Amino acid sequence: MSGAAWVIATDTKYLVSMVTAGAALGAAPTVVAVGPRDLAEAAAESGAGQVVWLEPTAGTPAEAYGPAVAALVTAAGPRLLLASSAAAARTLLGAAAAALGAATVSGAIAVEASGDKVAVKCSRLGGAVVETFEAAGPVAAVCQGYDAPAPGGAAPIESADLGQPAALTIADEHPAPGGGGLTEAERVVGFGRGIKVRADMAMVEELAAALNAAVGCTMPVADDYKWMDQYIGRSGLSIAPKLYLALGIQGSPQHTQGIRDVKVVAAINTDPEAPIFRRATYGIVADLYEVVPEILAALKS
Amino acid sequence: MKVVALYKWARDPEAATVRAGGVVDWGNAKMVAGDDDHAVIEVAKTLAEGGELVGLTLGDGDAAWAVARGVDVAYSVADAPYLADEATTAAIMAAAVKHIGGVDVVVIGDAEQQHPAVPGLLAGLLGWPALSAVGSASADGAKVTVERKVVGNIQTVSAGTPVVLGVAAAGEEAKPPGMMQMLQARKKPVTTLSLADLGVAADQGVTSAGTALPELEGAKMLEGSPAEVAAALVAALRSDGVL
């Protein structure tokens, strides 16, 4: 089946990893890119077979083009629809999946053709388990992923008709205050209750400065101690840096759901049974007060 | 405006126990208020001022939770089960919204972490547009103006009705209702709907082929003196290209 998988993108989040996953159905996926020319070009270099580009009118959010995206998808009738968890992307995925009558699951990390079925592997319960869902009919999935380098090459870009957009208008847009750049940072140092007194945050900040990283914390540090305004976690901020250094963090599901998109997690904790070590790439069972000064020294060498 | 606030339509992932081999045991976990649900009620209440605020829950959850927070009329689709197929969950919600009728805005938890497709699917099934990541909203005649956070920006969007708004809570609930409010809320009637009343089935388009523990479970543990582990960590992070 040609073009068996379609990917809906409103930004480049997980774009290459979604296209790579979709290719498991046997053909290079089609990407519907709803955004500026740059996005369409990134999609063309993502390994896609073709790119269908919708360029939003100035002042109109991507979500307004749900009807146009749904019409394109239903005309092609793909077996698989993928999108990232970006707000606009998953909203458009919903519009297309509803029109296609597709079953929909979330947390997708891999796709396989399984006989005449499509199997979607999903990370569930904050990454504690992987559940495989099989669909005999069309299936849509909100993906987890990583930001992989583009394989290069260039698929053709075809402009699509914007159709009749929904009545949505952007009246104003300005940078959000606060957050300390946590959601945009390439590196983040996070700390939990392993930091004993507020003054010790200076040590965390010194390490973060040496790593050119932002500083974040767990929910109890923000809500109970009030040391910071915002925290990383399911009900707080979700972050996706290349590196997350977790200092004195136990790793409750609340917290690990906020770091599930991090590429490399390094954790230091005195408790060898701490759940954070299940999510971490590197683990050190030690007193962070002894290790952090040594990391600072190692970074200078 | 007539506003439907959807709340308590999913289980708490922390109620699940992961057993050996990755088998998930949900016990008899019920639908609970999600992290965003208190913000859902707040936004819905603002939009419904001078109009009608309808609460809608799936499963046999306690409607008093919403009534105590200001919902005028409470509906529950009592026999709606918890489903992995978000399209089926959204189809049940869409049928209930149509049954309630004359609805201008549906407000639902953004659910980015657990069921991120549901708000968009619900809108798609209703044939309405949707906006996610909404922080606050106000009514302006037949329009709504929402403020939301997208990729580090605060965006103000004006939307016609009908529309679905996916609300993301900024934090914990500031002032949960007290015991008296909860007790009074329990006296309010709840209209119970069934899947049969709504003419929908809880059939899913996916079947679970089972759960397993993630393959990459566990960290590479670095051992040695503090200086040794620090040097090993820095070397590993440099070779991974993340420093």
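Biologist: Which side chain meets that of Arg148(B) in a salt bridge?
Modeller: The side chain of Glu63(A) does, at 2.7 Å from N to O. A salt bridge here is a side-chain nitrogen of Lys or Arg within 4 Å of a carboxyl oxygen of Asp or Glu.

Biologist: What should I know about the model and the numbering first?
Modeller: This is a predicted model, in which local features need pLDDT of at least 70 and side-chain atom pairs count only at pLDDT 80 or more, while totals for chains, interfaces and linings use all residues. Residues are numbered from 1 along each chain as its sequence is written, chains are lettered from A and ligands numbered from 1 in the order in which they are written, and side-chain values use heavy atoms, with hydrogens and water left out.

Biologist: OK, back to the two chains. How many salt bridges does the rule find across the interface of chain A and chain B?
Modeller: Two. The whole structure, over all chains, has nine.

Biologist: And how many residue pairs are in polar contact between chain A and chain B?
Modeller: There are 26, both residues at pLDDT 80 or more. A polar contact is a pair of N or O atoms within 3.5 Å; within protein, one must be able to donate a hydrogen and the other to accept it, and residues adjacent in sequence count only if both atoms are side-chain atoms.

Biologist: Which strand gives the most to chain A's side of that?
Modeller: Strand β10 of chain A, residues 168-175, gives the most to the side touching chain B, with eight residues. Strands are DSSP runs of E (at least two residues) and helices are runs of H or I (at least four), numbered from the N terminus.

Biologist: How many residues are in contact overall, chain A with chain B?
Modeller: 77 residues of chain A touch 76 residues of chain B, contact being heavy atoms within 4.5 Å.

Biologist: What area do chain A and chain B bury between them?
Modeller: About 6200 Å², with 58% of it on carbon and sulfur atoms. Arg90(A), Arg234(A) and Tyr282(A) supply 12% of the area that chain A buries against chain B, more than any other three residues. Buried area is the accessible area (1.4 Å probe) that two parts lose on being put together, summed over both.

Biologist: New topic. Where are the domains of chain A?
Modeller: Domain 1 covers 5-159 and domain 2 covers 179-300; such bounds come from an automatic or database domain assignment. Taken over C-alpha atoms, the centres of domain 1 and domain 2 of chain A are 32 Å apart. Six residues from domain 1 of chain A and four from domain 2 of chain A make the contact.

Biologist: What area do those two domains bury?
Modeller: Domain 1 and domain 2 of chain A bury about 450 Å² between them, 38% of it on carbon and sulfur atoms. Of the area that domain 1 buries against domain 2, Tyr14(A), Gly126(A) and Gln144(A) supply 70%, more than any other three residues.

Biologist: Last one. Which peptide bond is cis?
Modeller: The bond from Thr161(B) to Pro162(B), with omega near 0 degrees. Pro162(B) is in the loop between β11 (153-159) and β12 (163-167) of chain B.
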